[in-house]
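Subject: Structure for your review

Dear colleague,

Please find below the structure that I am handing over to you. My notes on what was found in it follow directly after.

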Amino acid sequence: MKFFVLSDIHGSYEDLKRCKEIIDSEDGDGVIICGDYLNHGPRNAIPAGYNPGDCAGLLNSFKDKIISVRGNCDSEVDQMLLEFPVLESHTRLYVFGNGTGAQSPNKRTCMVFIHHGHLFDRESLLKNNPAGTVFIQGHTHVPLLEVQEGSLFFNPGSISIPKTETGKTFGVIETVQSGVRMQLRNLENKILKELVFHPANR
């Protein structure tokens with residue numbers, strides 16, 4: 001299984017279009033979006049290529065592939081434009097093996113907990129989810145990829161308004177034998193960081 005991971009689009013049509021070109025060029029199973037789809041937010045400058053209407057249309061064009069949660073800048077008005085649910089605080093995704101090596105396509109590799117990042121802190125996430133969970137969030141616009149207490153924390157950064165010298169980034173999660181491979185990439189599709197995670201409890 002392979003999923004692209006986007007967050008904090010904030011209505012930037014040109015950046016979303018570039019990500020969609022990368023997604024279309026590779027064989028993936030879906031797109032995880034961690035919120036903040038259309039609104040630039042009162043604390044952010046308007047990003048280059050800002051066009052919420054066209055952004056909504058582009059997102060709707062691949063709505064059947066999107067797994068989504070609500071960001072702190074998303075509202076019922078955004079839901080009126082988007083043809084997939086964007087108002088849930090979090091969701092879970094169970095990742096299964098790809099059938100290579102000792103891995104079975106019917107054996108769960110890990111659980112992925114997806115949220116925006118403004119409602120759940122790390123302490124509560126670790127307390128209320130099993131060890132070996134992969135936690136994916138956005139919100140900070142700062143990429144993060146690290147393991148703590150047997151679980152993986154991943155933030156793909158922002159594709160439109162980065163708050164780090166790393167620049168505009170997104171992620172990829174893909175099953176490998178007995179685990180998952182996480183990649184942080186830039187909009188030139190260059191891999192900036194990679195980590196293979198083998199959950200202790202599956």
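Helices α1 and α2 cross in the left-handed sense, meaning that the near helix is turned anticlockwise from the far one by less than a right angle. Helices here, with at least four residues of H or I, and strands, with at least two of E, are DSSP runs numbered from the N terminus. The model is a predicted one, in which local features need pLDDT of at least 70 and side-chain atom pairs count only at pLDDT 80 or more, while totals for chains, interfaces and linings use all residues. Residues are numbered from 1 along each chain as its sequence is written, and side-chain values use heavy atoms, with hydrogens and water left out.

The axes of α1 and α2 lie 9 Å apart and form an angle of about 20°; axes are lines fitted to C-alpha atoms, for helices over the stretch in contact, and angles run from 0 to 180 degrees between N-to-C directions. The two helices are therefore roughly parallel, a term used for angles under 35 degrees. Y13, L16, K17 and K20 of α1 meet D54, C55, L58, L59 and S61 of α2, where contact means heavy atoms within 4.5 Å.

Turning to the strands, an open sheet of 6 strands has the order β3-β2-β1-β9-β10-β11, with mixed pairing; two strands pair if DSSP finds at least two bridges between them. Because β3 and β11 (191-197) stand at the edges with a single partner strand each, one side of each has no neighbour in the sheet. On average, neighbouring strands are turned by 20° against each other, direction ignored. Helix α1 packs on this sheet and touches β1, β2, β9 (169-176) and β10 (179-186), its direction making about 170° with that of β1.

Strand β1 (residues 2-6) runs parallel to β2 and is joined to it by 4 bridges. F3 stands opposite G30 in β2, and L6 has I33 of β2 as its bridge partner. I33 also stands opposite S68 in β3; β2 and β3 (residues 66-68) pair in the parallel sense over 3 bridges. The unit of β2, helix α2 (residues 52-61) and β3 is a right-handed β-α-β unit: with the strands pointing away from the viewer, the path from the first strand over the helix to the second runs clockwise.

Finally, in strand β2 (residues 30-33), G30 and I32 point one way and V31 and I33 the other, all of them buried (under 20% relative accessible area, 1.4 Å probe, protein chains only).

With kind regards

Key
Buried < 20%, exposed > 50% of the residue type's maximum accessible area, 1.4 Å probe, protein only. Parallel < 35°, antiparallel > 145°, perpendicular 65-115°, else oblique.
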